[in-house]
There are 2 protein chains.
Amino acid sequence: MRVSDAMIFERIAILGAGLIGASIALAARASSAARVVALYDRDAEVRSRALALGLGEVCADSASAVAGADLVVLAVPVGAMGSALAACAEALKPGAIVTDVGSVKGAVIEALSAVVPADALLVPGHPIAGTEHSGPEAGFAALFKGRWHILTPLPDERPEYAAAVDRLEAFWRALGAEVERMDAPRHDVVLAVTSHLPHLIAFNIVAMAEDLESVTESEVVKYSASGFRDFTRIAASDPTMWRDVFLNNREAVLEVLGRFSEDLAALQRAIRWGDGDTLYDLFDRARRMRREVIEAGQDTPAPNWGREN
Amino acid sequence: MRVSDAMIFERIAILGAGLIGASIALAARASSAARVVALYDRDAEVRSRALALGLGEVCADSASAVAGADLVVLAVPVGAMGSALAACAEALKPGAIVTDVGSVKGAVIEALSAVVPADALLVPGHPIAGTEHSGPEAGFAALFKGRWHILTPLPDERPEYAAAVDRLEAFWRALGAEVERMDAPRHDVVLAVTSHLPHLIAFNIVAMAEDLESVTESEVVKYSASGFRDFTRIAASDPTMWRDVFLNNREAVLEVLGRFSEDLAALQRAIRWGDGDTLYDLFDRARRMRREVIEAGQDTPAPNWGREN
């Protein structure tokens with residue numbers, strides 16, 4: 001089912017006007033999925049920029065933003081979700097749908113459940129979309145087009161809850177996303193592998209290179225096209241957002257990190273002992289995964305992604 | 001100094017018709033840096049493809065390819081350099097310049113020095129250019145444009161040696177590269193950081209994800225846009241080439257790998273103990289390196305490298 005050019009919500013409120021919040025505002029209006037978009041950001045300077053960018057009705061406090069809204073989208077770092085909702089919980093319209101875009105679901109559900117009013121409908125979610133850029137200026141309407149959006153509905157038996165999940169799904173589809181439903185613990189393990197660990201590794205190697213005594217930072221930068229630069233892209237992502245991800249998905253991240261380190265130790269041993277067959281076999285397997293990613297339409301087959309050589 | 005549209009060599013021979021060998025052939029002819037390009041590959045099927053692609057004069061054995069050549073370029077995996085040169089050493093023209101494109105210099109210099117004739121001029125080199133694709137079809141003339149080419153000249157006091165280094169530098173500049181000179185041990189440490197370790201990490205995380213029991217391979221592929229896919233690109237590189245790199249730059253790779261693992265253990269500890277400040281500081285530092293890479297013209301500032309979202 002694909003809904004487009006059809007209003008899903010009369011008024012939505014977006015709390016947090018960063019890359020994701022700004023993109024939702026732009027996409028909701030471009031697709032007419034929402035008639036009115038209200039925004040709030042706790043940073044006054046970000047609010048001014050959001051206003052200048054014409055992202056929607058920018059409010060001076062979150063209670064004004066959520067007043068009358070049919071959908072409230074929490075687009076703040078994972079560690080700030082609970083307090084962001086608590087600050088405006090009393091102003092929520094009865095029956096309002098509350099969702100979020102956090103990269104961790106278990107900890108966010110725990111934080112939001114503690115403060116969400118009984119007559120609101122909490123449907124957590126996570127768009128698998130983003131870029132390495134941050135802030136309202138980084139937002140663009142096409143960010144969610146063709147990307148996955150994961151909803152992690154709660155075990156809520158109210159009939160209006162099921163309707164809310166369907167309606168939120170229709171909203172994300174109107175923004176161009178493909179929607180998948182999953183339980184929160186599974187989401188957190190899958191994302192630990194596909195997103196959190198890769199970011200941690202990228203942050204680590206980039207920071208390590210900056211610290212080296214044997215090779216200067218300018219040499220690393222100069223010759224970065226030989227592999228290193230690919231890691232710098234994801235290591236450029238917002239540090240606050242990522243700090244909160246690791247603090248809030250600790251168990252799943254530590255589990256896959258342990259696995260990664262174990263496998264890396266085996267590779268290290270193969271290098272030390274000159275075991276070429278082990279290295280070749282592992283490199284050959286890794287190559288196959290690339291083909292699958294491309295066949296699944298999750299990346300471009302162009303050399304260097306079509307980046308100029 | 002920039003030489004273009006000027007013949008540097010009358011006849012060059014390229015041994016190995018993969019991505020790099022094919023690109024040199026195309027670039028040398030497009031720039032007129034060489035009048036005749038002869039190629040040899042030990043794989044008969046690759047030779048047929050090189051012929052069909054019109055890369056140059058494809059020879060049935062390496063001795064025929066190097067006969068009469070002013071420049072011989074070894075474009076084979078690092079572990080095959082010595083035997084590739086040994087097989088045609090007797091056929092080399094006296095005074096011929098011999099170079100290579102290996103990603104490791106110390107071990108390659110050792111292997112080549114043992115078999116190079118006394119009247120040839122060995123000037124090792126390494127183009128910091130490539131894509132994740134392999135084989136003659138992957139080659140293109142613009143591969144070296146604006147990229148660094150590192151020459152690691154030997155401590156050879158013959159006056160004709162200095163002239164050979166200058167002439168080889170002019171050749172690479174004609175192909176569009178920027179040329180830098182460096183000693184071999186330094187090259188091997190710098191590349192261990194900027195290239196070998198990033199590839200090892202990428203191979204490791206991609207192979208690990210394939211092995212997981214808790215998350216299916218199709219889930220990893222499906223949600224790979226959240227970070228993982230960036231690692232699959234460099235993990236798609238030629239496995240033979242990379243096996244040889246790790247076997248031949250063992251000490252430098254083990255050194256930086258030890259450092260990487262040590263830093264990763266510290267990050268793991270910060271996550272386990274909920275030390276958000278340590279995480280934030282490290283992530284913030286990593287972000288700065290991205291800006292430097294972009295300012296140095298080594299990557300594109302477009303979100304996701306302009307890859308469609």
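Author: Helices (H or I, at least four residues) and strands (E, at least two) are DSSP runs, numbered from the N terminus. The model is predicted.

Reader: Is B:Pro77 buried or exposed?

Author: A residue is buried if 20 or more other C-beta atoms lie within 10 Å of its own. B:Pro77 has 20 C-beta neighbours inside 10 Å, and therefore B:Pro77 counts as buried.

Reader: With which residues is B:Pro77 in contact, leaving aside its neighbours within four places in sequence?

Author: Contact requires C-beta atoms, placed from the backbone, to lie within 7 Å. Once the neighbours within four places in sequence are left aside, the contacts of B:Pro77 are B:Thr240, B:Met241 and B:Asp244.

Reader: In what order do the 6 strands of the open sheet in chain B stand?

Author: The pairing in this open sheet is parallel. β1(B), residues 9-15, pairs with β2(B), residues 34-40, over 6 bridges, and 4 bridges join β1(B) to β4(B). β4(B) in turn pairs with β5(B) over 4 bridges. The order of the sheet is β3-β2-β1-β4-β5-β6.

Reader: Which strands of chain B stand at the edges of the sheet?

Author: A strand at the edge has a single partner strand, so one side of it is left without a neighbour in the sheet. The strands in this position in chain B are β3 (57-58) and β6 (121-122).

Reader: Which residue of β4(B) stands opposite B:Ile14?

Author: β1(B) and β4(B) run parallel. Both faces of β4(B) are covered, with B:Leu71 and B:Val73 buried on one side and B:Val72 and B:Leu74 buried on the other. Opposite B:Ile14 stands B:Val73.

Reader: At about what angle does helix α6 of chain B run to β5(B)?

Author: Helix α1(B), residues 19-30, packs on the sheet, touching β1, β2 and β4 of chain B, and makes about 165 degrees with β2(B) in direction. Helix α6(B), residues 159-174, lies across β1, β4, β5 and β6 of chain B. The angle between α6(B) and β5(B) is about 50 degrees.

Reader: How many residues does the largest nonpolar core have?

Author: Those with the most contacts inside this core are A:Ile14, A:Leu39, A:Val72, B:Ile14, B:Leu39 and B:Val72. Beyond its neighbours within four places in sequence, A:Val72 is in contact with A:Ala13, A:Leu15, A:Val66, A:Leu92, A:Ala96 and A:Val98. The number of residues in the largest nonpolar core is 222.

Reader: Which helix gives the most to the side of chain A that touches chain B?

Author: The contact takes 92 residues from chain A and 92 residues from chain B. Helices that each supply at least two residues to the side of chain A include α7 (184-211), α11 (250-272) and α12 (276-295). With 19 residues, the helix that gives the most is α7(A).

Reader: What relation holds between chain A and chain B?

Author: Chain A can be laid on chain B with an RMSD of 0.0 Å by a turn of 180 degrees and a shift of 0.0 Å along the axis. This is therefore the relation of a two-fold axis.

Reader: What percentage of the contact residues of chain A recur in chain B?

Author: The same surface serves both copies. The share of the contact residues of chain A that recur in chain B is 100%.

Key:
Residues are numbered from 1 along each chain as its sequence is written. Chains are lettered from A and ligands numbered from 1 in the order in which they are written. This is a predicted model: local features need pLDDT of at least 70, side-chain atom pairs count only at pLDDT 80 or more; totals for chains, interfaces and linings use all residues. Two residues are in contact if their C-beta atoms, placed from the backbone, lie within 7 Å. Copies are superposed by least squares on the C-alpha atoms of residues with pLDDT of at least 70 in both. Two strands pair if DSSP finds at least two bridges between them. Axes are lines fitted to C-alpha atoms, for helices over the stretch in contact, and angles run from 0 to 180 degrees between N-to-C directions. A nonpolar core is a set of buried Ala, Val, Leu, Ile, Met, Phe, Trp, Tyr and Cys residues joined through C-beta atoms within 7 Å. A residue is buried if 20 or more other C-beta atoms lie within 10 Å of its own, exposed if 12 or fewer, and partly exposed in between; C-beta atoms are placed from the backbone.
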